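This briefing covers strand pairing and charged side chains. The sequence and structure come before the notes.

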Amino acid sequence: MIVDYSTNLLKNIHESLLTSDKRESTVIRGIYEYWHYGCDGFNDRGWGCGYRTLQTICSWIIINKNLGQEVPSISKIQETLVALEDKEKSFIGSRDWIGCFEVCLVLDSLYNINSKIVHIASGRELPKYLHIIRQHFEEFGSPIMMGGDQDCSSKCIVGIHTGSKKAYLLIIDPHFIGKAKSAEELKNKQWVRWQNIEEFVYSSFYNLCLPQIKII
């Protein structure tokens, strides 16, 4: 069911999953909205996850910087990339995916925010980059976009947990369809979850887009 409820989206859906041990868990600061497939009445099922992750990041910027702006629509994002000459005009109205590089361009264009792109050659290599993710949350506190090739489903990372034996990333999954009634519902159905880093696809590379913006 595609329903436009973009003026009343759930916020900070990860909070019920926070652990009590702050020494092992580091999460984002501030407030964001959960943007996902079809939440604004536009049916992007099967191809729009990168746009939705970007919209979640944009909501974080707009809310915490008190910008008084609307989160850009998928059409606005496509138009921005065409205006930047990253895409051809035929991109507007298409179902072409976007990844971390496009997210970086849009954040720079709309909000004058630089982003750091981190390339991880394989899911097997992810443990080597956990310190970068933790450092980002400690220094900036902004959400991270994650994309890949074999694992092509975009994800929003809002936290990291590194225990003595296992490590997890706190994932906001944009693939939910329908009207989310509560954060508890999303947690129960794994749309927001701690994902063991061993569950990431070893045959896939991953890119991270880390917006370099702080909030007080």
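D40, D44 and R52 are linked in a network of salt bridges, a salt bridge being a side-chain nitrogen of Lys or Arg within 4 Å of a carboxyl oxygen of Asp or Glu. The model is predicted: local features need pLDDT of at least 70, side-chain atom pairs count only at pLDDT 80 or more, and totals for chains, interfaces and linings use all residues. Residues are numbered from 1 along each chain as its sequence is written, and side-chain values use heavy atoms, with hydrogens and water left out.

Salt bridges
- The whole structure holds nine salt bridges.
- K155 pairs with D151, with closest N and O atoms 2.9 Å apart; K155 and D151 are both buried (under 20% relative accessible area; exposed is over 50%, partly exposed in between; 1.4 Å probe, protein chains only).
- E185 and K189 form a salt bridge at 3.7 Å between the closest N and O atoms; E185 is buried at 17% relative accessibility, while K189 is exposed at 52%.

Strand β3
- Strands are DSSP runs (E, at least two residues), numbered from the N terminus, and helices are runs of H or I with at least four.
- Four of the five residues of β3 (residues 144-148) are buried, so the strand is largely enclosed by the rest of the structure.
- β3 pairs antiparallel with β4 (residues 155-162) over three bridges, where pairing requires at least two DSSP bridges.
- M146 lies opposite K155 of β4, and a hairpin of six residues connects β3 to β4.
- β3 also runs antiparallel to β7 (residues 206-211), joined by four bridges; G148 has Y206 as its bridge partner in β7.
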